[in-house]
Amino acid sequence: MNYPAMNKLVISATVNGDAESFLCDPGTTLLDALRTELGLTGTKEGCGSGDCGACTVMLDGAMVCSCLVLAAEAEGMAIHTIEGVAEGGALHPVQAKFLELGALQCGFCTPGFIVAAKALLERHPDPSETEIRYWLAGNLCRCTGYDKIIRAVIEAGAELRQERKAPELGTQDRQRLVSDPSDSTDRGALATIEDAALSDAAFEGEAAAAKVVGNEPHPTEIEP
Amino acid sequence: MNAPQPQHAFRVVGTRPVRPDGVDKVTGKAIYGPDFVAPGMLYGAILRSPHAHARIRSIGTSKASALPGVKAVATGRDFPTIESLVMTVGESASDIVHVARNCLALDKVLYEGHAVAAVAATSQAAADAAIQAITVDYDVLPHVLGLEEAMREGAPLLHDDVFTKGVSPKPDKPSNASMKVVIERGDIDAALAGAAAVASGRYTMEPVHQGYIEPHGCVASWNADGQAQIWCSSQGAFAVRSQVASMLGIAQADLRVTPLEIGGGFGGKTAVYLEPVAMLLSRKAGRPVRLVMSRGDVFRATGPAPGAVIDVRLGADADGKLVGADIEFKYHGGAYPGLNAHSGVICSIGHYNVPNARLIGWEVLGNRPASKAYRAPGAPQVNFAVESAMDEIALQLGIDPIELRLRNAVRPGDPQPTGVPFGAIGYVECLEAAKAHRHWSAPLGPNQGRGLAGGFWGNYGGPSTAQVSITEDGSVTVTTGSPDIGGSRASMAMMAAETLQVPYEQVRVTIADTAAIGFSMVTGGSRVTFATGKAVIAAASQVVDTLKARAARIWGVEPGEVAWTDGEAVCSSGAKAGERMTLRQVAARAAHAGGPISAEAALNAAGWLPGFAVHICDVEADAETGHVRVLRYTAVQDVGRAIHPDYVEGQIQGGAVQGIGWALNETYVYNADGRLDNPGFLDYRMPVASDLPMIEAVMVEVPNPDHPYGVKGVGEVPIVPPLAAVANAVARAAGVRLRDLPLSPDRVYAALNAR
């Protein structure tokens with residue numbers, strides 16, 4: 001232990017689009033710096049070892065567990081956290097769909113899921129259920145059993161696709177993508193491991209996609 | 001008022017509106033246990049035992065106290081000497097002396113991770129460094145982990161003042177067996193001797209953890225005048241208040257506990273661990289102190305659900321009618337008694353009519369963290385054994401598993417294990433819905449199997465307080481003391497809106513601190529929507545009466561001449577007959593026409609009904625790796641009436657998946673030194689999204705006649721059937737029955753290759 005002889009570092013980074021500077025110890029994680037130095041407590045610590053994904057943030061466009069990144073490593077980089085997902089008063093479609101479909105119970109894992117799901121849809125606008133399940137496999141949720149989370153991401157993807165291009169799907173078509181939970185139709189075949197696994201090809205050109213989606217305003221409002 | 005209304009009469013109940021706290025939770029604004037900051041706050045750290053069992057000879061704190069930034073050091077000696085007092089919080093009961101010892105050990109440490117000393121300092125780094133400077137001289141003692149080992153003569157004894165409760169006469173020697181519960185009826189041995197089919201076996205499992213993603217966290221501030229505040233993430237701010245005040249010898253009114261948002265609990269956050277320690281540090285330092293656990297602390301030192309050894313003999317006649325159940329189980333109590341073997345006995349065969357039964361439950365202590373409630377505490381373990389045995393009887397007799405259960409299922413009026421007749425329960429309706437579901441008859445592929453299991457949990461009601469107020473503009477506030485762990489603000493707003501006949505969005509809900517609202521029992525026992533809901537409906541009904549009286553006064557008519565229709569006062573007779581006054585109009589004039597409109601209901605909610613569930617699970621077992629994959633899962637449950645169906649389905653889906661994890665992956669692994677080998681999410685493997693299919697939740701509505709909107713508790717029973725549903729599916733896929741959880745690849749591989 002070298003306490004108290006510690007030298008603070010000054011770190012400058014862009015946080016949710018704003019230039020920020022903060023002090024940290026050399027061993028401080030990005031997660032602790034965000035939460036303690038910048039007061040951005042929306043990013044959560046569930047484990048501190050990269051196993052739960054509650055601390056997921058974007059670092060220069062890469063999805064990371066902020067508990068596994070030193071704050072000093074973020075020098076000069078662009079950090080995006082849950083606090084930057086909504087644009088002004090308008091929720092991102094992923095956020096709106098989480099609310100509409102009841103995809104959170106306690107809500108503690110929710111920020112990590114939303115950051116991760118947004119990152120997925122920016123890279124891969126039309127993922128299959130299996131692709132969503134594997135992309136989000138690094139995020140633990142203990143309340144929901146993931147069912148409604150997966151449905152919310154499917155619906156958010158559909159909404160984003162409709163925004164970006166000329167509408168290809170009518171409202172009814174979109175609703176058909178996620179079956180009504182009270183519907184007794186056969187949904188057992190939805191989730192099979194034989195579905196196309198995540199292919200690297202799906203993620204090519206991710207930077208361009210991320211920029212386009214990330215800079216566009218999302219007019220989606222929650223319906224009361 | 002208590003008779004449930006027919007479904008068509010509802011305008012809000014049964015819809016799926018957005019929860020009122022939703023935006024805060026999808027934007028990162030919601031403040032959870034580890035997020036709260038108080039002015040001048042210090043950071044705490046706790047030194048924990050590296051030993052499973054040891055006597056503490058001495059604790060040296062002077063070096064730590066002298067470090068820069070350190071403002072306080074506390075040990076178990078800082079607690080006042082208190083008398084033994086068993087306090088019931090939620091679904092278990094603990095002696096407050098044991099709770100204090102668990103928060104900070106006094107003479108002995110009883111498990112690896114047991115808290116020994118605590119420090120508060122000006123930074124987390126300083127606090128973490130300071131606990132390393134504390135020296136503890138331990139006299140290491142032999143430890144015991146196993147259930148039957150702990151019951152043996154000569155086993156290391158955890159406490160010399162714990163005697164087996166439930167044994168008469170009271171034993172004269174202390175024991176690690178802290179509780180025995182026995183229910184007997186009929187002649188079990190004769191019944192089994194004459195049975196056409198008997199399924200018997202021994203079933204085992206190690207403890208599993210609740211696995212909430214938010215570690216425990218709190219801030220405490222204890223002022224020089226004796227008044228204190230705690231901000232914490234708990235399932236019950238009132239339970240924190242009563243336990244902390246009792247432990248520290250202060251008046252409950254001097255301690256104000258503010259519930260922060262809670263990141264999951266599942267029963268595990270009905271206990272206190274950090275709050276009393278933060279209080280001691282705060283009193284010494286004169287500043288607020290925050291304590292937050294690491295994930296390793298959570299696994300090592302907070303209550304897992306008990307592991308179990310369960311012996312079962314279940315007998316049926318040739319028609320599949322159960323004739324006898326002989327069940328004896330031993331559950332881990334861990335370091336301290338929790339007195340919770342009872343629910344396991346009640347839930348073992350509570351869903352079937354069995355004329356002859358001998359049901360014996362033991363709680364056994366060992367050098368592990370003290371077991372705590374986990375979703376239907378005590379039920380899933382014994383249900384795993386009983387529903388596996390039911391599957392064996394179905395196979396022996398060649399009877400369809402659902403048909404076998406229908407022949408034995410309890411119906412309204414049948415006796416509960418306690419002898420009291422069941423009320424309007426829906427187990428048969430669940431079985432019929434499972435039978436009719438297309439999942440039950442869908443084709444299966446090679447190496448695939450389908451399992452089914454039923455389950456029962458008693459649920460609870462109990463004390464709750466709620467306040468409903470009309471603002472000056474006619475919007476509505478609802479205040480309760482029940483922490484919202486899974487969307488209950490929405491169901492409270494919906495029930496108030498239904499009663500007041502106003503739109504859901506006109507009602508907003510606050511979870512108040514312990515000084516701002518009267519007592520409510522913990523958020524647990526599947527009780528909040530039922531019991532706190534009853535309080536909200538009662539308060540809203542009083543508000544309706546007041547609104548009618550105020551309108552009558554404004555109109556100059558008798559209160560009996562005003563009706564409340566579509567959220568408006570309607571004059572029904574006299575010169576003003578047919579005139580209407582909106583809620584907004586009444587509210588605007590209320591303050592000067594009789595005073596503000598507000599009502600509080602404080603009640604002890606009776607009339608709760610148990611929950612029943614039937615789960616169907618398809619698996620595929622890989623003979624090359626032993627890996628079991630869940631292909632399809634359908635969970636059928638009697639939900640009484642779903643106030644907000646999304647959150648009812650969410651409870652069912654979440655409980656089912658916790659049960660799947662329990663069945664396939666999750667287990668505590670201790671090494672020979674009594675240290676936990678897997679205190680993290682990497683090695684304690686909870687289900688992730690890619691492990692699972694969609695979980696189909698089928699809500700069967702058999703309304704509760706003792707709740708205005710028909711509510712039954714829904715949160716706990718969904719974790720009861722999955723263990724056996726998965727195991728029965730594996731048994732039918734692989735042709736081998738595994739009786740030891742989890743059904744990990746190594747065990748399944750060995751079983752498949754021993755065929």
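## Helix 19 of chain B

Helix 19 of chain B is mostly covered, with 13 of its 13 residues buried. This is a predicted model. The helix runs over residues 722–734. At 1.5 Å a residue, its 13 residues should span 18 Å, and the end C-alpha atoms are 18 Å apart, so the two values agree.

What comes just after helix 19 of chain B? There, B:G735 takes a positive phi of about 75°.

## The largest nonpolar core

The largest nonpolar core holds 327 residues. Six of them touch the most other members: B:V119, B:V277, B:A496, B:V536, B:V726 and B:V730. Which helix gives this core its largest share? Helix 16 of chain B does, with 12 residues. That helix covers residues 528–555.

B:A496 shows some of these contacts one by one. Leaving aside residues up to four places away in sequence, B:A496 touches B:V468, B:V476, B:V478, B:V507, B:V536 and B:A540. In general, nonpolar side chains tend to be buried together in soluble globular proteins.

## Where chain A meets chain B

On chain A, 58 residues are in contact with 61 residues of chain B. Four helices of chain A each give two or more residues to the side that touches chain B: helix 2 (93–100), helix 3 (110–123), helix 4 (129–135) and helix 5 (147–164). The largest share of that side, 4 residues, comes from helix 2 of chain A.

How do the residues on this side of chain A divide? There are 31 nonpolar, 16 polar and 11 charged residues.

Definitions and conventions. Residues numbered from 1 in each chain as written. Chains lettered and ligands numbered in written order. Predicted model: local features only at pLDDT ≥ 70, side-chain atom pairs only at ≥ 80, totals over all residues. Core = buried A, V, L, I, M, F, W, Y, C linked by C-beta atoms within 7 Å. Buried ≥ 20, exposed ≤ 12 C-beta atoms within 10 Å, placed from the backbone. Contact = placed C-beta atoms within 7 Å. Nonpolar A, V, L, I, M, F, W, Y, C, P; charged D, E, K, R; others polar. Expected span 1.5 Å × (residues − 1).
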